[in-house]
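Here's a quick briefing for anyone opening this structure for the first time. Have a look at it, then read on for some helix packing and some aromatic rings.

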Amino acid sequence: MIIVTGATGALNGATVDHLLERVAASDIVVAVRDTAKAQRFADLGIEVRRADYADPASLAPAFDGADQLLLVSSSDQKADAVSLHRAAVDAAVQVGVGRILYTSHQGAAPDTPFGPGRDHAATERLLAASGIAWTSLRNGFYAHSLAWSLGDWRESGVVTVPVDGPMSWTAREDSAEAAAVILASNGGYDGVVTLTASAAPTFADIAAMASDATGRPVRIREIGDDAWVAAQVAAGQPEFVARFMLGMYQAAHGGFFAGTDPLLATLLGREPRTVQQVLGLDGGQNAH
């Protein structure tokens, strides 16, 4: 039995869709906070259970019987993510889950400026100490975030960042499909696995790509941390959100997202989506 948490979200929902191409619906359970939102899975013959990391009593019954359990990382910027993840791991230990798989992130490290990366590193330590077989899916930075990060470049011709650095922008759809392949392998991938696109362009590189594709100049403008946060707040962004995202740029600048790994392409049996495809800069082919 494969139990998937967070299946009403985009990432693990897509993973379930890809799993259905590989295993029977009767071998899948989705464990979600709001079961009403999971009706589409019930309609496909998938068992739906309630599981909320913030309600530890809900977790052991939801995870019971899992040969493999896919834990989605908490997306609540204000929550103590590691405590939430600890509750999930503890419940998995309690009911004797065979293997935990966890949606981590490339660059997970105790010293990364990107807050979730520190949480992922701490969660991986919990997994390693759990006594359960585990797999950490270190996904590249999700490429749909580019729409926000690049701002109004199509109108202004300018991409404004606090600092620049390489990032292996990876399509969430590709990460979801790879997770399904790994789950269907039933233990074929152990410990930390890194799932990234095949390139890690800087924002300056992306500006150059945009210039080439559109035939008009697009330039990068680095304005520094404080000025960038101030500009975000002036545009209506809560300061804690701006500082949260600042950590992403700082981590990129520090090289935490610079690596690439061929495993994702191997699992997919094709090249992962590129930045050009994600942004529709490839002549309209495979734009997402």
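A helix axis here is a line fitted to C-alpha atoms over the stretch in contact, and angles run from 0 to 180 degrees between N-to-C directions. Helices are DSSP runs (H or I, at least four residues) and strands are runs of E (at least two), numbered from the N terminus. Keep in mind that this is a predicted model: local features need pLDDT of at least 70, side-chain atom pairs count only at pLDDT 80 or more, and totals for chains, interfaces and linings use all residues. Residues are numbered from 1 along each chain as its sequence is written, and side-chain values use heavy atoms, with hydrogens and water left out.

**Helices α4 and α5**
- Helix α4 (residues 81-95) and helix α5 (residues 115-129) have axes that come within 9 Å and cross at roughly 25°.
- That makes the two roughly parallel (angles under 35 degrees; over 145 is roughly antiparallel, 65 to 115 roughly perpendicular, and the rest oblique).
- On the α4 side, Ala 81, Val 82, His 85, Arg 86 and Val 89 make the contact, and α5 brings Asp 119, Ala 122, Thr 123, Leu 126 and Leu 127 (contact means heavy atoms within 4.5 Å).
- Sorted by class, that contact has six nonpolar, two polar and two charged residues (Ala, Val, Leu, Ile, Met, Phe, Trp, Tyr, Cys and Pro are nonpolar, Asp, Glu, Lys and Arg charged, and the others, Gly among them, polar).

**Helices α10 and α11**
- Helix α10 (residues 225-234) packs against helix α11 (residues 239-253) at an angle of about 140°, with the axes 9 Å apart.
- α10 and α11 are therefore oblique to each other.
- Among the residues making this contact are Trp 228 and Val 229 of α10, plus Leu 246 and Tyr 249 of α11.

**Aromatic rings**
- Rings of Phe, Tyr and Trp (its six-membered ring) pair if their centres lie within 6.5 Å; planes under 30 degrees apart are stacked, over 60 edge-to-face, and the rest tilted.
- That rule gives nine aromatic pairs.
- One of them joins Phe 141 and Trp 169 edge-to-face, at 5.4 Å centre to centre and 75° between the planes.
- Phe 141 sits in the loop between β6 (133-139) and α6 (146-149) and Trp 169 in the loop between β7 (158-161) and α8 (172-184), so the pair ties together parts 28 residues apart in sequence.
- Phe 141 is buried, at 6% relative accessible area (buried is under 20%, exposed over 50%, partly exposed in between, with a 1.4 Å probe and protein chains only).
- Trp 169 is buried too, at 2%.
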